[in-house]
Amino acid sequence: SNAARARVAESYLQHCNQIAIVAPIKRAVDDGTAKELLGEQFKRRLLMDGQYGNVFFICTQTDDIEATETMRDHADVAQEVPGRWEKMTELAEGISGFEAQLHPLLQQEEDLEGQLEDAKQQYRESLEDLKQAQKENEDDSDDEEVDDLVENLKAVIADNKAAFVKAKQDLISWKKDNAPTIETIQGKCDRLQKKLKALCSSVRSEYSKSCLQADFKSGLKELYRKDDDGDRGNDKDDTQTALPEDFNMDVFCISANDYLKLMKIKPSRDGPPACFSNATDTQIPLLRSYVHETTARFGKSSAKTFVENTNDVLDQMKLLAADVDDVPTGRSAFRMKSLFESAIRDLSTMIDPIARDFQKEIDQQIQRSLVSSLRTGAQKGSAVAMITVHSWGSKNRRTKSERRPDKNGLYYSTYNAVARRDGVYTSKSAGAIDFNQELCDPMEKEFSTEWQSVLDSNIKRLLRDAEITVAQLCTSAGQSFAQSLRSNGVDAARLTNMLNTANRSAVSALKSKFGQMATVAVNAQRELSRELLPAVQEKMKSTYASVNHVPKGSGTFMRMKGAMASNSQHAVCGMFDDALKKLLAGIKSLIKQLGAMIASTSEVIGKAFDNVFSICWDDQQSEALISPEMQKTIRECRDRLLPELNELVIIQGNACELLGIEREEVELDVMGVETFEQTLARKKEEAKKNGDMFDLCDSDADISIKPKKGVKVKAEKRSAARSGKPSAPSGMDFIDLCDSDDDDEWTKPAASKPTPSKQATRVKGEAFL
């Protein structure tokens with residue numbers, strides 16, 4: 001059951017957002033308690049998981065305090081707050097004054113109670129003597145001496161009884177006269193003691209907080225200190241650690257018992273609060289606020305994501321519900337779709353280098369620092385493995401509170417219990433024992449800091465940089481594409497709405513995508529960092545089995561230690577090198593996966609843009625199949641929908657203001673948009689340079705055109721007019737040099753022949769081959 005609980009705790013530790021360490025404050029006051037509670041292996045695990053800054057400490061039972069000890073041991077802390085030490089001294093002197101007044105009264109009461117107890121004892125003894133005398137008189141009724149003794153004893157009993165009654169009456173009378181005075185003085189003394197204990201408790205809490213924070217920082221520095229740092233000089237002094245220098249762990253010193261009594265949650269029969277008079281001083285409200293703020297921070301993040309996604313959906317609904325009469329059709333729609341596909345391809349070619357640069361940079365960091373640390377760690381693990389194995393059988397036994405390389409031995413019963421449980425056991429005398437972890441420690445200690453730096457901090461930083469760069473490219477691509485649509489005649493106001501809607505939707509999708517990348521990176525590196533221990537345990541299982549099967553009898557312990565040493569020699573050979581290869585393969589796979597996910601963001605952006613801009617090229621022919629009555633019904637529904645959408649926009653705006661969401665507005669660069677005439681002139685010049693243009697209206701030029709077989713050139717409408725009826729299109733391919741969006745001209749009556757000047761202007765402007 002203990003192993004099962006440990007596995008559950010380990011799984012929670014891997015995925016939790018905050019870790020609370022709870023201990024009585026009397027333990028926390030002791031120097032080094034934070035280091036003890038945060039064992040080295042546990043601290044390494046927090047560091048490699050990127051959780052070292054997500055720990056907070058809770059000291060309990062702050063109401064259990066001795067004011068005299070606190071004033072003696074922590075006077076310097078009390079003096080840090082101006083006037084506090086003087087107030088504590090004043091309270092202590094006041095208490096001493098009241099105790100001086102109480103002392104004689106209490107002494108008198110004690111004397112009277114003593115006199116009453118003596119009289120009571122004498123009275124009981126005389127009764128016992130009378131019973132004994134009467135028994136002897138029954139045995140010898142003729143003895144006059146016994147009769148005289150009985151009579152004398154009766155007289156003594158009467159005197160003792162009178163003395164007892166008088167002592168009792170004296171005590172009652174004294175209490176009646178002095179009890180109110182004692183109660184008054186005692187009440188004043190208790191109130192002063194409560195105030196003094198509250199101040200002393202705050203002083204001890206401050207001292208405990210500073211000690212725990214200092215121990216926590218020193219523990220982190222120890223993790224960054226290698227065994228051979230002395231040979232390297234100060235090369236590691238400027239190494240970036242997992243926490244900033246000004247970081248301080250949150251520490252809360254609480255009194256749950258006094259808080260429950262002050263808040264009337266506990267019944268009054270449990271007595272008054274022992275120390276505090278104000279619920280705030282118990283720090284329970286402060287701890288509750290911290291927990292609520294922590295959970296609210298994650299909740300706010302989720303709420304922001306939800307509201308942003310809802311805004312995107314709402315903007316798209318408004319855009320689709322808007323009444324637009326100039327929806328592109330025909331060749332214009334096809335041209336816009338082609339422009340969109342080209343823009344997305346260009347965006348993909350710009351994002352691919354970002355993914356490659358990400359992989360290249362993180363690979364360089366891995367090769368430069370992490371790989372060398374892993375290899376050094378594997379070498380150290382192999383070098384000291386057998387020393388560790390032999391230390392388990394040493395006669396210098398470890399204890400629950402002390403374990404060193406030269407004091408790591410176990411007794412036979414504990415050694416046997418550990419071997420029977422695959423190297424993991426918790427002993428009452430030696431504490432928690434894990435042979436496998438002790439073998440892993442040298443290697444993990446060597447690469448833990450580089451692991452955190454490269455696979456946690458640097459990956460997060462590079463992903464943030466990539467997200468910013470891709471978001472900028474996304475916005476730029478959206479603006480560029482919108483400008484191309486504007487040059488094709490799309491209304492500027494509507495296009496601006498489409499651009500903002502598409503950009504917001506794409507940015508939200510990018511945030512979600514990069515959030516997934518961060519989650520994948522964290523989970524993968526945490527899983528990888530935990531693969532070393534199971535691999536070592538699996539290699540050592542055969543060794544533990546051989547230890548359990550040694551012959552029993554005299555010298556069993558020696559045979560067990562011999563089997564452990566001989567079989568471990570074979571197990572550790574190549575064990576760490578195999579683990580190293582597995583770790584490197586996992587790291588390589590992770591980086592490749594992240595690079596592929598970054599490259600796929602072009603698809604995410606393309607999908608978000610397509611959801612908005614596709615109304616410019618979606619097939620509109622289905623509208624011809626809708627009856628006028630149905631079109632009227634659709635328009636009425638749309639008209640009723642728009643006011644409701646506007647109300648939802650107001651609600652969403654209030655939600656954004658509440659959450660502090662600022663919606664980015666992207667401006668359409670109108671100055672950069674060519675006019676229709678400018679576009680035609682530019683295309684004509686390009687066509688002339690490439691030799692792809694000819695003038696159909698220049699009758700003086702002898703142009704020999706040999707059309708492609710099976711292709712007819714549809715240049716003018718007058719050909720149909722000359723024949724008297726339109727010529728129906730055949731199965732051949734047609735090229736419309738007039739680039740008209742009206743494809744139904746074959747079924748219309750022939751148009752009148754345009755004047756030469758107008759026709760020349762039209763054909764010169766639109767005809768390119």
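User: OK, how many helices and strands are in the protein chain?
Analyst: The protein chain has 22 helices and 7 strands. Keep in mind that this is a predicted model.

User: And how much of it counts as buried?
Analyst: 37% of the 769 residues in the protein chain count as buried. The chain exposes about 44,400 Å², with carbon and sulfur atoms supplying 51% of that.

User: What about contacts, what share join residues at least 24 apart?
Analyst: 80%, taking the contacts between residues at least 6 apart in sequence.

User: Let's go inside. Which residues touch the most other members in the largest nonpolar core?
Analyst: Ile366, Trp451, Ile587, Ile598, Ile605, Phe609 and Phe613 do, out of 90 residues in that core. Elements giving it two or more residues include helix H11 (330-391), helix H13 (435-487), H17 and helix H18 (601-613).

User: Which element gives the largest share?
Analyst: H13, with 20 residues of this core.

User: Is there a second core, or what else is there?
Analyst: There's a second, separate core of 30 residues, and Ile95, Leu116, Ile185 and Phe276 are among its members.

User: Back to Trp451. What is it in contact with, leaving aside neighbours within four places in sequence?
Analyst: Trp451 contacts Met48, Leu370, Asp456, Gln525, Leu528, Ser529, Leu583 and Ile587.

User: How do H14 and H17 pack, then?
Analyst: Helix H14 (residues 492-529) and helix H17 (residues 575-599) pack at an angle of about 175°, and their axes are 11 Å apart. Angles over 145 degrees count as roughly antiparallel, so that is how H14 and H17 run relative to each other.

User: Which residues meet there?
Analyst: On the H14 side, they include Phe514, Met517, Val520, Gln525 and Leu528; among those they meet in H17 are Leu583, Ile587, Leu590 and Ile598. By type, the residues of this contact divide into 12 nonpolar, 4 polar and 1 charged.

User: Changing topic: where does Ala430 lie?
Analyst: Ala430 is in the loop between strand S4 (424-427) and strand S5 (431-434).

User: Buried or exposed, that Ala430?
Analyst: Buried: the relative accessible area of Ala430 is 7%, and the cut-off for buried is under 20%.

User: What is Ala430 in contact with, beyond neighbours within four places in sequence?
Analyst: Arg398, Thr399, Lys400 and Leu410. As for Gly409, Ala430 is 21 residues from it in sequence and 9.5 Å from it in space, C-alpha to C-alpha.

Definitions and conventions:
Residues numbered from 1 in each chain as written. Predicted model: local features only at pLDDT ≥ 70, side-chain atom pairs only at ≥ 80, totals over all residues. Heavy atoms only, no water. Axes fitted to C-alpha atoms, helices over the stretch in contact; angles between N-to-C directions. Helix = DSSP H or I, 4+ residues; strand = E, 2+ residues; numbered from the N terminus. Parallel < 35°, antiparallel > 145°, perpendicular 65-115°, else oblique. Contact = heavy atoms within 4.5 Å. Nonpolar A, V, L, I, M, F, W, Y, C, P; charged D, E, K, R; others polar. Buried < 20%, exposed > 50% of the residue type's maximum accessible area, 1.4 Å probe, protein only. Areas by Shrake-Rupley, 256 points an atom, 1.4 Å probe, with all protein chains shown as cover. Core = buried A, V, L, I, M, F, W, Y, C linked by side-chain atoms within 4.5 Å.
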